[in-house]
Structures are given as C-alpha cells and as structure tokens.
Amino acid sequence: MKTRDNPLGSLEHVVLLAVMRLGSDAYGMTVRREIESATGREISIGAVYATLVRLESKGLVKSYTGEPTAERGGRAKRHFSLTADGKGALRTTHEVLRKMSAGLKGLQPT
Amino acid sequence: MTRHRALSVATWILSRLAPKNERDPLVGDLIEEYALRSNATSSSAALRWYMKQVVTSAPLLLRVRLVRAAWISTIGAALLAYIAVAVAELSVDWAISNWTAVGTFAYKPLGLIMLFPMVILIGYVAGRFRRRAPIVLGVMMLLVVTTMMLSTTESVPPWYGVAYFVMGPAAAFIGAALHSLRPARW
C-alpha cells in the first residue's frame, strides 16, 4: 500500500490542509497560526515542524529554503508545499471520513 | 535573569535539540512571532509565549532527532535478536542432548528443524521493533555462518553445512516477510 493510499493521522491531516490553504505562504509559523485560528486549539511550533518533517519523509510535502531576513534574526524561512502524493493522501483520507460518516445523524454543522 | 538573557538561553536550548535542517527556520519563526507579539501585547506576555513554545517543542524535536538516527536502533534490535537466536540454539542443543536418546550425528538435523520456527519468530518480533532489523539479523547470520564454515576444524557432513548456511538466514528473512505482510496500521 502506497503512503498516499494510507489515511492520515489527525495532526498530519490538519497540517496538510493548512499547507494547502496557505499556498506559497506556508512555512512553520504560518501553518501554526492557521491551525490555531481554524481549530481554536493551541499547537506548538515543535509539533508543527515534527509533523512537517514526517510528511516530507513520506513524500507528501516538499520544501525549499527562502532568503534570510533581518526581522527573523538573519534566519531563512523554510517554505512547504503539497506534492501530488500529498494531495492523493488528502483525497484518500476525505473519502474514508465521508464513507465512515455517511448516514450518521447528528454530524451536520449546527 | 534579564529578558534578553532568558530569550538567548531558551533559543540556544531549542537550537541544540532541533534537527540540523530545521534549526534555523524554526528559531527564525519563533523570533518573528515573538516580535509580532511584543508589538501587539507586551514584552513579558511575548516572553511567556516564547518560553511555553520552547518547553512544549523541545521533547517533540528531540524525538525527531532520535527517529532520524533509526539505523542505530535497527542495529541494536538486530544484535538483541542475534543474542536471542544464540540463546535459542543453546537451549535446543541442551534439550536434545538431555531429553532425547539420539546420537551426536542425529541431533544436529533435529536441532535445525526445531530452531527454524524459533528464528522465524525472533525475526518477526525484531521486525515489530525496527522494520529492517530481521534483514540485518539475516545478514549477520550469513556472515557468522560463513566465517564458522571457513574456519571450523570439526568434520560435519556437507548437507549439514549447506542446511545451516541456508536455514538460519532464511528463517530471519521469512520473519521479516511475515512482519511486512501484517495489515496496515493507522
């Protein structure tokens, strides 16, 4: 079974969605902010990076290093984007969730 | 401790724990957010946030570093499995020589037959800890058996040498294959 065919873990799922939503502005801190603002739950930058590293090792995201900037203490950003396998993994996970929740009452947004 | 000093110490600790590739981007992200929060709220609130990020991130980043050094734990698991195989072999030899009436030449094939499923089981269990451990175990067994066959002065039948050469590593590889055939976990 390929990685993209395996359903994602819940944090992996949320991080991948955040990277997709942010597009070209996806880096560690923006991903963390996006998750906090969308879910209302606090998440550490370490948890975001640990998940991004795992997703990259699975080939679900790719990254490149930007230019160092003064407001970051001369440190560069590491930008992330989804790979084709990453999009496939999101589709698989959404399909699993759709099937599992089909016909269940009380799951509609209130 | 001054605010600046506290920030420097926390940043230094985090950068020591973070994997090398993630070190600069991660610290840069924290500095950027700290500056934003200092302007939006207060320096002390921003410092509290910064410290909380460092404390909650440190164990997760350490775990990433340990996972990246997976080959060390794979070799460790394979070595433990090899010790388990040696103990199993000694136990089989001891059991056959004490509990059966078969002679010296007969107990060797019986020992191989008894040991074969035990090595499969050991390979399977090693694979649960580290996926590649049973493969490393098989390679280790091949090397040891080859060395023993080349250096031994004991006269053993050729079929026994070949069987010993094939069965031990084959059992470890079967253990690895059985482990990889398990249903996928979430």
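**View 1. Where chain A and chain B meet.** Across the interface of chain A and chain B, 13 residue pairs are in polar contact, counting pairs where both residues reach pLDDT 80 or more. Keep in mind throughout that this is a predicted model. Helix 3 of chain A gives the largest share, with 6 residues. Sorted by class, that side of chain A holds 12 nonpolar, 5 polar and 9 charged residues.

View 2. The size of an interface is often given as the accessible area lost when the parts come together. Here, chain A and chain B bury about 2,000 Å² between them, and 57% of that sits on carbon and sulfur atoms. Look for A:Tyr49, A:Arg72 and A:Arg75: they supply 24% of the area that chain A buries against chain B, more than any other three residues. In total, 26 residues from chain A and 25 residues from chain B take part in the contact.

**View 3. A:Arg32, a charged residue tucked away.** Is A:Arg32 buried or exposed? With a relative accessible area of 0%, A:Arg32 is buried. This arginine is found in helix 2 of chain A. Setting aside neighbours within four places in sequence, A:Arg32 is in contact with residues of its own chain, including A:Ile43 and A:Val48, and with residues of chain B, including B:Trp49 and B:Gln53. The side chains of A:Arg32 and B:Glu33 meet in a salt bridge, 3.4 Å from N to O. A:Arg32 lies in helix 2 of chain A and B:Glu33 in helix 2 of chain B, so this pair joins two chains. Both partners are buried.

**View 4. A second bridge between the chains.** A:Arg33 pairs with B:Glu32 in a salt bridge whose closest N and O atoms are 3.6 Å apart. This pair also crosses between chains, running from helix 2 of chain A to helix 2 of chain B. A:Arg33 is partly exposed, at 27% relative accessible area, while B:Glu32 counts as buried at 12%.

**View 5. Helix 2 of chain A, end to end.** The 12 residues of this helix should span 16 Å at 1.5 Å a residue, and the end C-alpha atoms are 17 Å apart, which agrees. Buried residues here include A:Gly28, A:Met29, A:Val31 and A:Ile35. What covers the buried residues? The cover includes helix 1 (10-22), helix 3 and strand 2 of chain A, along with helix 2 (20-40) and helix 3 (43-68) of chain B. Just after the helix, A:Gly40 takes a positive phi of about 75°.

View 6. A:Arg98 and A:Glu95 form a salt bridge, with 2.7 Å from N to O. Both lie in helix 4 (residues 84-101) of chain A, 3 residues apart, or about one turn of the helix. A:Arg98 is partly exposed at 47% relative accessibility, and A:Glu95 is partly exposed at 32%. Elsewhere, salt bridges that share partners join A:Arg32, A:Arg33, A:Glu36, A:Arg72, B:Asp29, B:Glu32, B:Glu33 and B:Arg37 into one network.

Note on methods: Residues are numbered from 1 along each chain as its sequence is written. Chains are lettered from A and ligands numbered from 1 in the order in which they are written. This is a predicted model: local features need pLDDT of at least 70, side-chain atom pairs count only at pLDDT 80 or more; totals for chains, interfaces and linings use all residues. Side-chain values use heavy atoms; hydrogens and water are left out. Contact means heavy atoms within 4.5 Å. Buried area is the accessible area (1.4 Å probe) that two parts lose on being put together, summed over both. A polar contact is a pair of N or O atoms within 3.5 Å; within protein, one must be able to donate a hydrogen and the other to accept it, and residues adjacent in sequence count only if both atoms are side-chain atoms. Helices (H or I, at least four residues) and strands (E, at least two) are DSSP runs, numbered from the N terminus. Ala, Val, Leu, Ile, Met, Phe, Trp, Tyr, Cys and Pro count as nonpolar, Asp, Glu, Lys and Arg as charged, and the others, Gly among them, as polar. Buried means under 20% relative accessible area, exposed over 50%, partly exposed in between (1.4 Å probe, protein chains only). The expected span of a helix is 1.5 Å times one less than its number of residues. A salt bridge is a side-chain nitrogen of Lys or Arg within 4 Å of a carboxyl oxygen of Asp or Glu.
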